[in-house]
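Open your viewer and keep the selection tool ready.

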Amino acid sequence: MIKLKKAIIPAAGLGTRFLPITKAVPKPMLSVLDKPTIQFIVEELESVGIEEIVIVVSPGSEVIQKHFGENNDLYERLLSDGKQKLYEIALKTSSFKVQFVEQKIPNGLAGAILCAEPFVKDEPFALLLGDELLYAENGQKPCMKRLAEIFESTGKSVIATMEVFGDEVSKYGNIGFSDEVDGVMTVNAIVEKPAVNDALSNNAIIGRYVLSGEVMGMLKNLKPHGNEIYLTDALDALAAKGELLASCFEGDRYDVGDKFGYIRANVEFALKSEEIGEETKQFIKELAQRI
């Protein structure tokens, strides 16, 4: 069995859809309720037991590193004020074993992955994109745990997928597959954002992957498209060799890179909150009567 030990989280996007706030605040630090989206992503890895994490950041993203660093003055103040619960919340942010690397040239997702090559080398790695939050309720298996289990039992790269319909098909990478056993599909082709009539299936690629060690070498040797190397090209090559699997996931997905998706995440996480869930529910009921 190949044990998955490392993870890459690309977080170097400019976040232009959220200007002006992202002029000063890195997009991964935008919060859902009181927690930055980047922390939600890191916490997904707890279900897998991965402790070696590299976050790829853009220059000027020191605030992300500060968030995951120590703040002893804050810890001491919270303890002296008897705020034990808040102390534990603050302390958790510095409990993750996170490293950082800068993506100095904005050359896309594959470029971000290659920035982490000295960290990953030729080992398998999880890849989590920061624009998507995945939430599993109690009793549901987290997406990353399912992908890790599939990889560790098969040795093959595996990507998360979801069903989409109509015009939504053209917004995502799209997979074709030859068979499906116990919810695991053998991918045989990939097309990037196809027209509806050109789609290979109703299965879209989302931002959770577990990739074999050979992928890093493949990215280094792929022909660029302009200034970018496409991860999709490497995945398509794996699919052609029968070395790429896909799986759906349990739970909910939130596209926090989209303004409406970001608002939806905040509303639904507020409803799930033990602290303000009931107040939020009552507010929404009252608001619905006014509109």
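Where does Val 267 lie? Select helix H10, because Val 267 lies there; helices (H or I, at least four residues) and strands (E, at least two) are DSSP runs, numbered from the N terminus. This is a predicted model: local features need pLDDT of at least 70, side-chain atom pairs count only at pLDDT 80 or more, and totals for chains, interfaces and linings use all residues. Residues are numbered from 1 along each chain as its sequence is written, and side-chain values use heavy atoms, with hydrogens and water left out.

Stay on Val 267. Its relative accessibility is 34%, so Val 267 counts as partly exposed (buried is under 20% relative accessible area, exposed over 50%, partly exposed in between, with a 1.4 Å probe and protein chains only).

Next, select Arg 208. Arg 208 sits in strand S11, residues 203-211. Arg 208 is buried, at a relative accessible area of 0%. Its side chain reaches the backbone oxygen of Leu 129 at 3.0 Å.

Now pick Leu 129 itself.

The largest nonpolar core has 49 residues (a core is a set of buried Ala, Val, Leu, Ile, Met, Phe, Trp, Tyr and Cys residues joined through side-chain atoms within 4.5 Å). Ile 9, Ile 55 and Ala 126 have the most contacts inside this core. Helix H7, residues 143-154, gives the most to it, with 6 residues. A second, separate core of 32 residues includes Leu 129, along with Phe 125, Tyr 209 and Leu 231.

Last stop: Ile 9. Beyond its neighbours within four places in sequence, Ile 9 is in contact (heavy atoms within 4.5 Å) with residues including Ile 38, Leu 45, Val 54 and Leu 128.

Key. A polar contact is a pair of N or O atoms within 3.5 Å; within protein, one must be able to donate a hydrogen and the other to accept it, and residues adjacent in sequence count only if both atoms are side-chain atoms.
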